[in-house]
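Student: Hi! I have a structure open and would like to talk it through. Could you help me make sense of it?

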Amino acid sequence: MTSNRILLQGVPGSPYTRKMLALLRYRRIAYELLPTAGAVPGLPQAKPPLLPTFYLPDANGQLAAVTDSTPLIRRFEQSHTDRSVIPLTPAWAFIDALLEDFADEWLTKAMFHYRWHFAPDIDKAGRVLATWREPEADPVRFAATAQMIATRQIERLRYVGSNPQTAHIIEAGYLRVLACMEEHLRHHRFMMGARPGASDFAVYGQLTQLVQFDPTPMALADRLAPRVCGWVGVVEDLSGIAVTPEDWLGGLSLPDSLKALLCEVGRLYAPLLVANAQALQQGQKEFTTTIDGLAWTQQVFSYQAKCWMWLRRDHDALASDQRAVVDEWLQGTGCEVLFTPPKSSPA
Ligand SMILES: N[C@@H](CCC(=O)N[C@@H](CS)C(=O)NCC(=O)O)C(=O)O
């Protein structure tokens, strides 16, 4: 690298790549993008090889492959102070982090489900994703690559918990989240007020796919959530907007639209985090729980146990007055189970 631009690899069909590109643009952090998937000659490979992959200096100044958008956003807060995406008030920063995690970990289930569940979406995704992997392939090879990608990803549906039994939970949840966002955007430009927080970029990343790429969820959003569709277009490039500290949502009152969204976090994501962590602790490979009144089965996902641990750590770290505000906001949402110490179990 000859400039001091941040180097990353990612493709437009990756929601987390879109999350980070929009964040870098908003923050006016210069970057250089390798718009490919797969190993890059001469660069270290991330383990596991996820997109986006950032190439950043390690403690010895050597380029290292770094993934995981959530801690990367915090790392960039340290290295670049202007145009922060972390709300000033700790209680608000906590809500922002909770919504960021919900988008990254639950909304991505809708993204992955819709991409690989219905025939028109599978057909489009297989073919377009192949262009990012092997743009110069001849038609025969291209068709084989499209088929390979579709087969591999459909096989992975079980990791996100998408199957005929859970399809309804995911699809009904997507429609309710769209409705909450539509209502929120009637009153606010962004999730976090008149300037975007980390949660804006996380939700945006998933929605770039759901409302702009995959035909089935896109048609639903076109019909039900025009403001949301418009907002995704806006968040793509916020490098030009001016922001001030007063633009953050603040104070002690939580808008009803965010309360409604937190109710979705509590209804869909909270029971999943709890059941997943219990199953992991008991050494299970797969678990079944109840979400939204219906049976939910998925493979244990150790990363999501870490997500819950990080959220609990952030909640514990709040000063008591801020924690009291957060706890009041979460009351009645279903999220309380995430932050209530477990009742001591019988020895
Ligand atoms: N938690 C990670 C998730 C990254 C991720 O899951 N990336 C997907 C694409 S969006 C990926 O690279 N999957 C591996 C593959 O498709 O081979 C983040 O926030 O960056």
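Student: Is the crossing of α11 and α12 left-handed or right-handed?

Tutor: Good place to begin! The crossing of α11 and α12 is left-handed. Keep in mind as we chat that this is a predicted model.

Student: Which residues make the contact?

Tutor: From α11, the residues include Tyr 269, Leu 272, Leu 273 and Leu 280. From α12, they include Ser 302, Cys 307, Trp 308 and Leu 311. By class, this contact of α11 with α12 has 10 nonpolar, 3 polar and no charged residues.

Student: Okay, new topic. How is the chain divided into domains?

Tutor: There is domain 1 (6-79) and domain 2 (90-339). Their centres, taken over C-alpha atoms, are separated by 20 Å.

Student: And how many residues of each are in contact?

Tutor: On the domain 1 side there are 22 residues, in contact with 29 residues of domain 2.

Student: What about the largest nonpolar core: which residues touch the most other members?

Tutor: Those are Phe 76, Tyr 174 and Trp 231, in a core of 89 residues. Helix α3 (residues 90-117) gives the most to this core, with 13 residues.

Student: Where does that core lie relative to the domains, and why?

Tutor: Domain 1 and domain 2 both give residues to the core, so it lies between them.

Student: You mentioned Trp 231. What is it in contact with?

Tutor: Leaving aside neighbours within four places in sequence, the contacts of Trp 231 include Met 181, Leu 185, Arg 189, Asp 200 and Tyr 204.

Student: Nice. And which residues is Tyr 114 in contact with?

Tutor: Setting aside neighbours within four places in sequence, Tyr 114 is in contact with Asp 121, Glu 171, Tyr 174, Leu 210, Thr 216, Pro 217 and Leu 220. As for Gln 209, Tyr 114 is 95 residues apart from it in sequence and 9.5 Å apart in space, C-alpha to C-alpha.

Methods: Residues numbered from 1 in each chain as written. Predicted model: local features only at pLDDT ≥ 70, side-chain atom pairs only at ≥ 80, totals over all residues. Heavy atoms only, no water. Core = buried A, V, L, I, M, F, W, Y, C linked by side-chain atoms within 4.5 Å. Buried < 20%, exposed > 50% of the residue type's maximum accessible area, 1.4 Å probe, protein only. Helix = DSSP H or I, 4+ residues; strand = E, 2+ residues; numbered from the N terminus. Domains from an automatic or database assignment. Contact = heavy atoms within 4.5 Å. Left-handed = near helix turned anticlockwise from the far one by under 90°. Nonpolar A, V, L, I, M, F, W, Y, C, P; charged D, E, K, R; others polar.
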